[in-house]
Amino acid sequence: MKKTIVFSLMFVLPLLGLSGAALAEDGHDHGSHGATGGSVTIKGELVDSLCYVGMAAKGAGHKQCAIDCAKAGIPISIVEDGTGKMYTVLPKEDKTGYPESVISKMGDKVTLKGDLYENGGNKYVAVESVE
C-alpha cells in the first residue's frame with residue numbers, strides 16, 4: 001500500500017507544481033531562493049497591469065487611474081522601452097505594499113533597478129529603486 005501511495009505522489013505532485021521537498025518545508029524563506037536573473041536595470045513605463053493589458057492604457061493621460069489602481073492592489077508592471085516586454089513589479093519585501101516612490105511614478109518613464117525572477121514563462125522584478 002505504501003508503495004502505491006509513494007508511486008502515485010511521484011506523478012501527482014509535479015502536476016500540482018509541488019515536490020516532496022515543498023511539502024516538507026515548515027515555512028517559507030524568500031531569501032533562500034535567490035533571483036534567477038540577478039540584478040537588472042529596466043528603462044520603461046510603469047503601468048497598472050489591468051488597464052494596460054485590457055485597454056492598452058498608459059501615459060500621462062492615464063496617470064491618476066494607474067495610481068488609483070496601484071493603491072487598490074492592481075499589480076504594477078513595467079513595459080520596457082524598445083522591446084515592449086512587460087515585467088510584473090514586486091515589492092522588495094513580502095507582506096508589504098508597493099512603496100510610494102513607485103506608486104507616485106505610475107504612467108511615467110522610469111529607470112527601475114531590482115532583482116529579476118522568472119517563473120512559468122513570466123518575468124518579475126523585485127524593485128530596489130525607481131528613478
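Strands β4 and β5 form a hairpin with two residues between them, and in the turn G120 has a positive phi of about 60 degrees; helices (H or I, at least four residues) and strands (E, at least two) are DSSP runs, numbered from the N terminus. The model is a predicted one, in which local features need pLDDT of at least 70 and side-chain atom pairs count only at pLDDT 80 or more, while totals for chains, interfaces and linings use all residues. Residues are numbered from 1 along each chain as its sequence is written, and side-chain values use heavy atoms, with hydrogens and water left out.

The bridge partner of L112 in β5 is V130, and that of K113 is S129. Strand β5 also runs parallel to β3 (residues 86-90), to which three bridges join it; here V89 stands opposite V125 of β5. Strands of a sheet pair through backbone hydrogen bonds, either parallel or antiparallel. Taken together, five strands close into a barrel in the order β1-β2-β3-β5-β4, with mixed pairing. Neighbouring strands of this sheet are turned by 55 degrees against each other on average, direction ignored, the axes being lines fitted to C-alpha atoms, for helices over the stretch in contact, and angles running from 0 to 180 degrees between N-to-C directions.

Five helices and five strands are present in the protein, and from the N terminus on the elements follow the order α-α-β-α-α-β-β-α-β-β. Contacts (heavy atoms within 4.5 Å) with a separation of 6 or more are accounted for to 66% by residues 24 or more positions apart. Of the 131 residues, 29% are buried, which denotes under 20% relative accessible area, as against exposed at over 50% and partly exposed in between (1.4 Å probe, protein chains only). The protein exposes about 8,400 Å², of which carbon and sulfur atoms supply 58%; accessible areas come from the Shrake-Rupley method with a 1.4 Å probe, and for residues only the protein chains shown count as cover.

When residues up to four places away in sequence are not counted, L112 touches V40, T41, I42, L46, I78, V89, V125, V127, S129 and V130. In strand β2 (residues 76-80) lies S77, which is buried with a relative accessible area of 0%. Leaving aside neighbours within four places in sequence, S77 is in contact with E45, L46, V47, S49, M86, Y87, T88 and V89.

In helix α4, residues A66, I67, C69 and A70 are buried. Seen down the axis of α4, these buried residues fall within an arc of 165 degrees, so they line one face of the helix; the arc is that of the directions from the helix axis to the C-beta atoms. Their cover includes β1, α3 (49-55), β2 and α5, whereas Q64, K71 and A72, on the other side of α4, are exposed. After α4 comes G73, whose phi is positive, near 105 degrees.

How values were computed. Two strands pair if DSSP finds at least two bridges between them.
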